[in-house]
Amino acid sequence: MNPAVVDEKEIDRIYLILKKEAESGGYFLNPDVEFTKNLVRGLLKNEQRYGYRACPCRLASGEKDDDLDIICPCNYRDPDLNDFGACYCALYVSGEISAGKTTPAPVPERRPPRTERGKKHVIPSGPGNALSSLSLPVWRCTVCGYLCAREQPPEICPICKVRKERFERFI
Ligand code: SF4
């Protein structure tokens, strides 16, 4: 198969899956279906190219560890939805935009420079910190912020559906 070509039926299939997943988690896809399917095409092309769905609006390095924060949905989606009503690509939008009450505005890039990336939000443990007595580690989804206390993070985030690799140890 030509790696540059993405089957239209596959785009339609993934579009419907993403839409269903988004809505079940309280998110919305851009209501401009043609625009949205073009972004899905970009995601699938990146999946063919790199093996993962890197953000279609950003330049991926091709190193999964480096690109983890921009695998869709990226770590910046939720803050961009809060601040601008849309993610950087406008694949995900607010309820207002989804309902056609307003349109997405340009979203500035919030991804930090490479040297700043990967800094974890870990609460230090120790005798002075009551949280250090917790019997289980606490894991945080870096995409939606979901927290859970268990031996290992879940295989799939129950809220935003990203995989285990997108969790970080929080406490
Ligand atoms: S959620 Fe993030 S990775 Fe996905 S399309 Fe939007 S900006 Fe790109």
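These legends walk through several close-up views of the structure shown above. The model is predicted, so local features need pLDDT of at least 70 and side-chain atom pairs count only at pLDDT 80 or more, while totals for chains, interfaces and linings use all residues. Residues are numbered from 1 along each chain as its sequence is written, and side-chain values use heavy atoms, with hydrogens and water left out.

**View 1. Helix H1 covers residues 8-24.** Helices (H or I, at least four residues) and strands (E, at least two) are DSSP runs, numbered from the N terminus. The expected span of a helix is 1.5 Å times one less than its number of residues. For the 17 residues of H1 that gives 24 Å, and the end C-alpha atoms are 24 Å apart, which agrees. At the start of the helix, a side-chain oxygen of Asp-7 comes to within 3.3 Å of the backbone nitrogen of Lys-9. Just after H1, look for Gly-26, which has a positive phi of about 85 degrees.

**View 2. Helix H1 has buried residues and, on the other side, exposed ones.** Buried means under 20% relative accessible area, exposed means over 50%, and partly exposed lies in between (1.4 Å probe, protein chains only). Ile-11, Ile-14, Tyr-15, Leu-18 and Ala-22 are the buried residues of H1. Seen down the helix axis, they fall within an arc of 110 degrees, so they line one face of H1. That arc is taken from the directions from the helix axis to the C-beta atoms. The buried residues pack against strand S1 (28-29), helix H2 (33-50) and strand S2 (92-93). On the other side of H1, Lys-9, Leu-16, Lys-20 and Ser-24 are exposed.

**View 3. Lys-19 and Glu-23 meet in a salt bridge.** Side chains of opposite charge can pair when their charged atoms come close. A salt bridge here is a side-chain nitrogen of Lys or Arg within 4 Å of a carboxyl oxygen of Asp or Glu. For Lys-19 and Glu-23 the N to O distance is 3.1 Å. Both residues lie in helix H1, four residues apart, or about one turn of the helix. Lys-19 is partly exposed at 30% relative accessible area, and Glu-23 is partly exposed at 44%.

View 4. Asp-69, Arg-111 and Arg-117 are linked in a network of salt bridges. A search of the whole structure finds 15 salt bridges.

**View 5. A disulfide joins Cys-57 to Cys-89.** A disulfide is a pair of cysteine sulfur atoms within 2.5 Å, and here the S to S distance is 2.1 Å. The pair links distant parts of the chain, 32 residues apart: Cys-57 is in the loop between H2 and helix H3 (64-67), and Cys-89 is in the loop between H4 and S2. Cys-57 is partly exposed at 34% relative accessibility, whereas Cys-89 is buried at 9%.

**View 6. Cys-87 sits in the loop between helix H4 (77-84) and S2.** At 7% relative accessibility, Cys-87 counts as buried. Contact means heavy atoms within 4.5 Å. Leaving aside neighbours within four places in sequence, Cys-87 is in contact with Arg-77, Asp-80, Leu-81, Tyr-92 and Val-107. Cys-87 and Val-107 are 20 residues apart in sequence, yet 7.0 Å apart in space, C-alpha to C-alpha.

Definitions and conventions: Polar contact = N/O pair within 3.5 Å; in protein donor to acceptor, adjacent residues only side chain to side chain.
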